[in-house]
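Me: Could you go through this structure with me, step by step? I am new to reading models like this one.

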Amino acid sequence: MVWSDLLIKEHIVPIHFVLLVSRQGKVRLAKWYSPYTLRERSKVIRELSGIIPNRGPKLCNFVEWRGFRAVYRRYAGLYFCMCVDEGDNELELLDIIHHFVEILDRYFGSVCELDLIFNFHKAYYILDEILIAGEVQESNKRSVIRLVRAHDSLVETAKEQANPLSNMLPQATI
Amino acid sequence: MASPSLMETLFQRGLDDIIKGVRHQQSSTESIFISRVIEEIRREIKSTDLQTKSTALQKLTYLNSIHFIDMSWASFHAIECISSPAFSHKKIGYLAISQSFSESTPVILLISNQLRKDLKSGNEFEVSLALDCLSRIGTVDLCRDLASEVFILMSSSKVFIRKKAIGVVLRLFEKYPDAVRVCFKKLVESLEGSDSPIVSAVVGVFCELSAKDPRSYLPLAPEFYRILVDSKNNWVLIKVLKIFVKLAPLEPRLAKRLVEPICDHMRKTGAKSLVFECIRTVVTSFTEYESAMKLAAAKIREFLMEDDPNLKYLGLHAISIMAPKHLWAVLENKDVVIQSLSDEDPNIKLESLRLVMAMASESNLMETCRVLVNYALKSDPDFCNEILGSILSTCCQNVYEVIIDFDWYVSLLGEMSRIPNCKKGEEIENQLIDIGMRVKDVRPELVRIARDLLIDPALLGNPFLHRLLSAAAWVCGEYVEFSRNPVELMEALLQPRTSLLPSSIRTVYMQSAFKILIFCMHSYFLQKEDMTSEVSDLASKRECSESSDLATGKALVQSDQDEGFNPRESNQSFEYPSVVDTGDGQSSTPTFMEKKSLMHESIVNLLNLMELVLSPLSGSLDVEIQERACNVLGFIELVQQEFSNPLIQKEANLDREEVIASRVVEWVHDGFTEELGPVSVTAQDRVPIPDELVLKENLTDLEAICGGVELPAPGSFSLTSPYYGESAVFSVSNLQAEEDSEPSTESTSLLTEHRKRHELYYLPSEKNKIPANDYPPANDPSSSINTNDATEDLVKLADQSLVSKRKPNHAKPRPVVVKLEEGEAAPVVSKKPELKDDLLSGAIHDILLGNEAKAASSQSNPFDKSSSKRKGKAKHVDLLDSKENLAVGEQPNHENPSSRRSKHRGDGKQKSKKSKGKKNGDGREDDGEKESQKIRDHHGRHKSRQRADAPINVVPQTPDIPDYLL
């Protein structure tokens, strides 16, 4: 395992990765903005899910980890975690996490862990609307939701067109 | 015909089924289930029906991102999905690609065309998918191929596309710096406006870019300033502040402008994240502005008072940034700092530890360290070592600047090494040796501490302390003349448990034992000489037999044969140096030097002991150990004949023989007593190179031999560890004759010459007397207060350090600490920037200056402006002069903006300035004037209370900033 690769901060990415980990250490979402191999990814998650859920509630939400700073916040049984370089504004990261959660909440209507489990791809798309190249790009919740809904409807129409049954039913009736 | 695919589609398991399936598995059967699903996916993904294919891909993506299943084999199928006309397939394909592709994915170039198609698509959502994907996986080739498409999208009518395109620019610049030529101007233009999401995106990009190479973005300072003043978006403001932190050190005049708006934000905003960023900006970059610092300190205080551990931590962190220059900030918050030392959170504890150490000064150091060491005993191993580490690093700062009482510090080091969790052996090792070499007065105490460490067999079992023991061994060998009982030291060095030590440290032990042996024999001969010159042989013989009656144990057998040796003070009762009993009362024995009583038989015993211990080692597999053992054994053999069989030999004969032995011993002793002074790291550079020395000749074959040898870490001393140090000094100036040979006269003359030239760097050669130890040891049990409640203790300490600002009267003056002026500066590490960065900043430079050139030529200016700024500076002296004059003339009017304005707007001055710069700076001035006028107006509109001429001082006179933006 070449950890030195991780430590070379050659990629100009403010947020290296976003993780959603349950209290039991199960991954619910993992988005990587810096390049990590598959083995590195699972190692990162193993390490962080060993550290973060074990921290007491009265401790601060920042963890020093391999020269990086992992900022996390717990919502119900789910830990939202972002990893940045040392010296980034931790409070800003907490704000971004909260922003993300609020959008999820609005989109799913009081979001719970199950929503994220079964709509894992939607969580990714929402995150894509908020962050690009590890950088916050949209601070307006409503416009994010509007975009994601537009995506959904496009997918729906595409699905209807592509659905073989709906294509064949008219033929059958003729 | 379509039926197989139809069947597949109808009976294919969807994503939900997989997710449910995995959830229902026990952890033991999970992997079996997953591998079954993977097989299924492998089959389905080959389907010609894109619906089936994409569903399979989606399932695979899920397994990849949550269960880390390899999906690199499916890369091509992902590319097939994104080329589907259906949006849903495309979306699934893009998700799969951005999750799983990397630079090494072989098929990555195949998506170039599809990405281009989607970037040009009429459907903005397809465009946005492609942009997201490019931002994540863009390689050099992709970025080069698609730069122009991204550039077009930067002026898209859709805001969210424009924004994403700007986000992608970051990746573009990183991978393909030439993209700067195309996109940079557009990027700068996008900075206009103040609150749109576009600005937010652009500022984000500049924030990241400027982190790498701030100088290139200095010309944009006015734009950022405007955003800082106008923007209402906290995230944008934070980013702008981050940019200014990078720019401020490059352009000192920025600070004056920035302080006011930043303080404004700090006062007004409710967002903690912004407040914190403001605080951090002020405490890192604007430390000279007293009022801003005061305000920041007040805000930090608010943070510290909150219950939120996050704010508390960040508050402490901010204070620790302030601490080096503004200690008052720490002192003001001392109560919180001290309390935090016992906080639950390790981060907070660490920060507060740093601050406690920052508060340590000459007057309270002893107390602070005592409390912290006691605290370390009770804390968990990690924090314990943090505490020890910070004590060590604080104390050795600036060549032990804060330490007055070195005896105390040395005993503290000894105490620290006995803390069970201590893992700082290496650091303590370095300091023990360093102090030994630098501070002469502390050597007796140092030897005492080292002796205590060496005779404790328990310490040998802790591998973290081995380095420390090697230092102790070295100290004992080097400064053995201060020892009370060298024989005891010798036994400690040769005890059986030393076999636990690594071989490198064992060799130090052996060498030290050898030094001690030489010392003992040398003093024995010295006494004998004295004696023979004073007393007649006969008398001495009688006396000797008398004295030997006092002796006990096995030594008695040989005492009769103790030929011609007698201490001068033999009439007084002396203590027989014990060979057997190591626990013999140290404190009661007078120091060895005073006593000067060394019997012949004790020397014989020493020789026997060494021979006994070392002879098995002469067959050691480790070369170093074997080598040294053989050396010492050879020496023993040489002298032993003369010592051990005095009965057989005749007296006269013996005397003659012993003369030879004593001569040998004297030579070696001379070699060992030659003091190793600290050597400046730059010492070698100062030696002039002789003419006949050929340095250019290629010695590549040597390189192969020396390849493994590492250079010492750049520390304050070249002598960092005993064995290393010795060899290092040897190679330079043959200071010491290690073997039984006399240093050649040539090298001695060289040495004296060197000494003459660099007298400063040598320790004075005369011997020091041992100072009276008239102040209590640091850990005097009677004076130590009950440390049950550490925090209470610490609070007390805090009060003390507040109250006792006066200097305590010390019992004795601080001993001389040898310093090396030049040597202390760490060698400048030339950091070679990455090639990519160079390219990037080079490209940005080109763009900025290229634009400038255009502007200049449009003004029909005969002088070319495209030359680098530096060049411009050198050539256009007049222009620069005028500017500098302006800047200087400005100083007195510092607090009077109106007068400054009049200066700027006053016709006469303006004209004179122009005429001065007329020759070559015309275009530049005009341009600058125009632009700054624009910005002035702009400001007037937005913030009337803002000084009207805000950026004009920041920018137009800054020779560093090209004008096209101003």
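This is a predicted model: local features need pLDDT of at least 70, side-chain atom pairs count only at pLDDT 80 or more; totals for chains, interfaces and linings use all residues.

Me: ok, how do helix 16 and helix 18 of chain B cross?
Reply: The axes of helix 16 (residues 272–285) and helix 18 (residues 309–322) of chain B come within 9 Å and cross at roughly 15 degrees. Here axes are lines fitted to C-alpha atoms, for helices over the stretch in contact, with angles from 0 to 180 degrees between N-to-C directions, and helices (H or I, at least four residues) and strands (E, at least two) are DSSP runs numbered from the N terminus. Helix 16 and helix 18 of chain B are therefore roughly parallel, a word used for angles under 35 degrees, whereas over 145 is roughly antiparallel, 65 to 115 roughly perpendicular and the rest oblique.

Me: and which residues make that contact?
Reply: Contact means heavy atoms within 4.5 Å, and the residues include B:Phe276 and B:Ile279 of helix 16 of chain B, with B:Leu314 and B:Ala318 among those of helix 18 of chain B. By class, the contact of helix 16 with helix 18 of chain B has eight nonpolar, one polar and two charged residues, where Ala, Val, Leu, Ile, Met, Phe, Trp, Tyr, Cys and Pro count as nonpolar, Asp, Glu, Lys and Arg as charged, and the others, Gly among them, as polar.

Me: what about helix 6 and helix 7 of chain B?
Reply: The axes of helix 6 and helix 7 (residues 111–119) of chain B come within 14 Å and cross at roughly 130 degrees. That makes helix 6 of chain B oblique to helix 7 of chain B. The contact is made by B:Lys90, B:Tyr94 and B:Ile97 of helix 6 of chain B, and by B:Ile111, B:Gln114, B:Leu115 and B:Asp118 of helix 7 of chain B.

Me: switching topic, how much space is in the largest cavity?
Reply: The largest cavity holds about 130 Å³ of space. A cavity is a set of points, on a 1 Å grid over the protein atoms alone, where a 1.4 Å probe fits but cannot get out, and lining residues have an atom within 4 Å of a point; the volume is the space filled by probe spheres set on the points, which are joined across faces, edges and corners.

Me: so what lines the largest cavity?
Reply: There are 16 lining residues, and A:Lys31, A:Asp128, B:Ser98, B:Asp132 and B:Cys133 lie nearest the centre. Helix 8 of chain B gives the most to this lining, with five residues, and the lining divides into nine nonpolar, two polar and five charged residues.

Me: last one, where is B:Ile69?
Reply: B:Ile69 is in the loop between helix 4 (50–67) and helix 5 (75–82) of chain B. Leaving out residues up to four places away in sequence, B:Ile69 touches A:Leu38, B:Ile34, B:Ile38, B:Leu63 and B:Asn64. B:Ile69 and B:Ile38 are 31 residues apart in sequence and 8.9 Å apart in space, C-alpha to C-alpha.

Key
Residues are numbered from 1 along each chain as its sequence is written. Chains are lettered from A and ligands numbered from 1 in the order in which they are written. Side-chain values use heavy atoms; hydrogens and water are left out. On a 1 Å grid over the protein atoms alone, a cavity is a set of points where a 1.4 Å probe fits but cannot get out, and a pocket is an open set with protein on both sides within 12 Å along at least five of seven lines; lining residues have an atom within 4 Å of a point.
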